[in-house]
Amino acid sequence: MKYSFIIPVFNRPDEVDELLESLTHQTQADFEVVVVEDGSSLPCKTVVERYADRLAIRYFDKPNSGPGQSRNYGAERAEGEYLIVLDSDCVLPPGYLQAVDDELTARPCEAFGGPDRAHESFSPTQKSINYSMTSFFTTGGIRGGKKKLDKFYPRSFNMGIRADLYRQLDGFSAMRFGEDIDFSIRIFKSGARCRLFPEAWVWHKRRTDFRKFFRQVHNSGIARINLLKRHPGSMKLVHMLPAAFTVVTFALLFCALVSLAVWGVSAALLFLSPLLLYALLVCIDSAVRNRSLWIGLLSIRASFTQLIGYGTGFLRAWWLCCICGRNEELQAFKENFYA
């Protein structure tokens with residue numbers, strides 16, 4: 001067996017159904033599927049059983065411990081030479097595994113990852129969130145599948161690694177958030193080769209509403225400081241930009257309110273103009289990419305949510321850890337790993 005797909009799932013049987021259906025259409029068939037139910041109250045066992053005659057699939061049910069430890073649980077039982085970790089809210093195009101296989105044949109490596117896209121069937125909110133996570137105007141495009149001059153750090157929604165290296169590194173750590181970046185850093189520290197496979201992309205639903213999205217990115221901002229504590233020197237300028245954006249945004253809004261009270265609308269608009277210009281650029285870019293003005297407008301909200309959510313999480317953790325000296329790993333929205 002060359003490939004094992006590892007899929008942790010928590011209360012998402014419908015999503016698992018879509019993902020498994022997409023796996024039945026892969027043009028490369030040398031793989032197994034390991035589904036790990038992470039203590040769900042809405043289990044997907046009956047869904048998995050429907051695919052038993054079409055996929056080499058195994059199902060495991062365990063107490064809830066979060067996606068990282070559930071991936072490790074699946075990896076311990078997987079038989080493939082390479083482990084491919086997916087989130088349950090992903091759907092694969094038919095040529096996904098063939099693209100992985102072609103890349104490994106052309107230029108072998110020990111670890112890899114691919115980008116994500118929004119499917120035409122996704123809701124406008126999902127498409128706007130996907131835009132905010134992959135756009136040059138929010139993340140610099142580093143999560144949109146562009147080749148970079150420096151290292152590529154795979155994310156757990158679409159990550160592959162040799163099984164022997166996975167076990168050598170003891171898999172994912174017990175971090176509640178940011179565990180995929182922690183794992184990627186440890187992969188590089190081991191001296192392993194890790195590459196972006198641009199054509200091994202997935203459709204990724206991400207979050208279905210802005211409240212859940214804010215919680216996700218806020219936790220990501222906190223996780224970046226936790227990662228800095230674990231891996232000194234891992235912080236880069238790009239990781240600080242959302243915090244800078246957040247500070248500048250609130251400073252401009254404060255100045256605009258003061259100006260409105262003292263000098264009137266014209267002065268207030270002067271302070272708001274950078275934010276309005278940014279919103280206009282996001283709206284136009286997203287509307288063109290998605291061929292929808294409505295998605296362009298929603299992308300304004302998604303982009304501000306992404307940057308401010310991450311920025312406030314980053315600043316919160318920086319203050320508590322770096323200024324106040326708290327040593328424990330920080331968390332915010334921790335009641336549900338998958339929400």
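Predicted model: local features only at pLDDT ≥ 70, side-chain atom pairs only at ≥ 80, totals over all residues.
Leaving aside its neighbours within four places in sequence, with which residues is threonine 305 in contact? Threonine 305 is in contact with Phe210, Phe213, Phe214, Val217 and Tyr310, where contact means heavy atoms within 4.5 Å. Residues are numbered from 1 along each chain as its sequence is written, and side-chain values use heavy atoms, with hydrogens and water left out.

Threonine 305 has its place in helix H12 (residues 293–323); helices (H or I, at least four residues) and strands (E, at least two) are DSSP runs, numbered from the N terminus. With a relative accessible area of 13%, threonine 305 is buried, a word that stands for under 20% relative accessible area, while exposed stands for over 50% and partly exposed for what lies in between (1.4 Å probe, protein chains only). A polar atom of the threonine 305 side chain lies 2.7 Å from the backbone oxygen of arginine 301.

Helix H12 also takes part in the surroundings of helix H5 (residues 124–134), whose buried residues pack against E7, helix H6 (136–139), E10, helix H9 (210–230), helix H11 (265–290) and H12. Because 10 of the 11 residues of H5 are buried, this helix is largely enclosed by the rest of the structure. Among the buried residues of H5 are Thr125, Lys127, Asn130, Tyr131 and Met133.

Together, E1, helix H1 (residues 13–23) and E2 make a right-handed β-α-β unit, right-handed meaning that, with the strands pointing away from the viewer, the path from the first strand over the helix to the second runs clockwise.

Elsewhere, an open sheet of three strands has the order E5-E10-E7, with mixed pairing. Strand E5 (90–91) and strand E7 (116–117) stand at its edges, each with a single partner strand, so one side of each is left without a neighbour in the sheet. E5 and strand E10 (residues 202–204) run antiparallel and are joined by two bridges, with cysteine 90 opposite histidine 204 in E10.

Glycine 80 is found in the loop between helix H3 (67–77) and strand E4 (82–86) and, at 5% relative accessibility, counts as buried. Leaving aside neighbours within four places in sequence, glycine 80 is in contact with Met1, Lys2, Tyr3, Ser4, Glu32 and Ala163.

Salt bridges, defined as a side-chain nitrogen of Lys or Arg within 4 Å of a carboxyl oxygen of Asp or Glu, come to a count of 18. One of them brings together the side chains of lysine 2 and aspartate 101 (2.8 Å, N to O), linking the segment before E1 with helix H4 (residues 96–106) across 99 residues. Lysine 2 is partly exposed at 22% relative accessibility, whereas aspartate 101 is buried at 13%. Glutamate 18 forms another salt bridge, with lysine 205, and the closest N and O atoms are 2.2 Å apart; this pair links helix H1 with the loop between E10 and H9, 187 residues apart. Here glutamate 18 is partly exposed, with a relative accessible area of 38%, and lysine 205 is buried, with 14%. The side chains of glutamate 120 and arginine 291 also meet in a salt bridge (3.3 Å, N to O). Glutamate 120 lies in the loop between E7 and H5 and arginine 291 in the loop between H11 and H12, so this pair ties together parts that are 171 residues apart in sequence.

Terms used:
Pairing = 2+ DSSP bridges. Polar contact = N/O pair within 3.5 Å; in protein donor to acceptor, adjacent residues only side chain to side chain.
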